[in-house]
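Please read these notes with the model open beside you.

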Amino acid sequence: MAGKNFSDICDYIDWRGDLSFEASGLNEVDALIFCQLSYINFSALAPAGFEKSMPLSSLSDRFFASPDFEERSNLGLLIDPKTIELLKKAASSVRFGCVGVTGFVSEYDRALEEQFCAVTFLYKKRAAFVAFRGTDDTIVGWKEDCNLAFMESVPAQQDALAYLEDAASVFKKMQFTAGGHSKGGNLALYAGAQLSAKAKKRLEAVYNFDGPGFSLEALESEPFRAIEPLVHSVFPQYSVIGMLFHHFKAYKAVVSSEMLVLQHNPFSWAVCGASFCAKDGLDAGSEVFFTSFNKWFENITPSQRKQFVETLFGVLLATNATTNSELSRDWIKNSGKIIKAFAKLDGEIRDEALRIAGEFVKTIAKESIKR
């Protein structure tokens with residue numbers, strides 16, 4: 001983003017990094033920084049349990065000195081590499097450097113179709129921030145996201161709830177906040193809503209940064225209604241990922257320097273002081289996508305949703321790629337494999353997948369005309 005004319009989350013640290021959390025409390029920009037740091041591979045570097053913690057400054061030193069630094073610093077096709085710079089800036093600041101890092105967990109299970117990661121930041125004496133990682137570079141991670149279309153809960157949501165319960169149990173005297181970017185926001189909302197009543201009393205806030213939502217039935221249920229006043233939903237002005245499914249009515253739309261779906265990148269969100277620069281509302285195109293997707297989604301049965309998702313990812317996995325980076329690395333060759341795999345599908349399954357995709361395109365076209 002050379003030549004940018006706005007401040008981003010890295011600039012925020014340059015400006016506010018000399019203030020401790022005791023001097024100035026947690027805000028939405030701090031929350032996003034914690035969530036973005038969860039994308040970094042701290043496996044075998046950060047404490048895996050809650051018994052010990054490590055200052056972020058020390059963890060950063062370990063990360064940059066690790067023999068496999070090159071591999072660790074490659075976050076894949078979809079995560080901004082500037083995240084590594086964010087770590088260095090945060091770790092060298094007064095505000096974030098002494099924050100304790102604990103409970104780093106990363107799970108990947110292709111058979112269970114699960115991708116899950118969480119880490120806890122002890123930013124004040126009696127305050128913790130639990131950050132859930134969003135979807136990473138793995139195709140399985142994206143498959144799990146899509147499984148939300150037909151499953152009541154996915155493995156990562158169950159693990160998020162168990163993790164948050166464990167954190168609340170260990171840090172009995174602490175107030176805590178949960179949050180995440182992308183799928184991580186969905187996990188934070190799910191875990192916060194399903195948290196035990198006793199632990200929920202110490203839950204201060206839940207941050208959802210452009211994460212997919214839930215069914216209307218889920219949002220109207222008692223567990224979700226109980227946390228509604230605590231939820232802070234933040235979306236870029238042209239949100240796509242965040243417009244999947246439904247959310248509580250209160251949200252903040254923020255200015256982004258990117259176009260369309262690229263606005264999902266948190267480094268494109270403009271920072272004004274200790275908050276994000278707000279817009280009056282979402283762009284019209286984002287609202288069209290939200291209306292179109294949910295109309296289309298609600299007009300197909302759960303079994304049709306499942307078949308569509310299984311068909312789509314079955315074709316992608318026929319390339320033998322496990323990550324989006326691998327998929328894009330030899331796109332011409334992989335495109336051929338995808339076409340062949342699609343051609344080999346049972347005729348009825350193939351036709352149904354095309355029909356469902358076509359209905360989505362038609363729904364978007366109809367909603368666009370209305371605008």
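1. Buried means under 20% relative accessible area, exposed means over 50%, and partly exposed is in between, with a 1.4 Å probe and protein chains only as cover. This is a predicted model, in which local features need pLDDT of at least 70, side-chain atom pairs count only at pLDDT 80 or more, and totals for chains, interfaces and linings use all residues. Residues are numbered from 1 along each chain as its sequence is written, and side-chain values use heavy atoms, with hydrogens and water left out.

2. Helix α16 covers residues 331–343; helices here are DSSP runs of H or I with at least four residues, and strands are E runs of at least two, numbered from the N terminus. Its 13 residues should span 18 Å at 1.5 Å a residue, and the end C-alpha atoms are 18 Å apart, which agrees. The expected span is 1.5 Å times one less than the number of residues.

3. N334, S335, I338 and A341 are buried in α16. Down the helix axis, the buried residues of α16 fall within an arc of 125 degrees, so they line one face; the arc is taken from the directions from the axis to the C-beta atoms. The face turned away from that buried side carries exposed I332, K333, I339, K340 and A343.

4. Most residues other than glycine have a negative phi. E113, not a glycine, has a positive phi of about 55 degrees. E113 sits in the loop between β2 (100–109) and β3 (114–124) and is partly exposed, at 23% relative accessible area.

5. F245 also is not a glycine and has a positive phi, about 70 degrees. F245 belongs to the loop between β7 (231–236) and β8, and is buried, at 9% relative accessible area.
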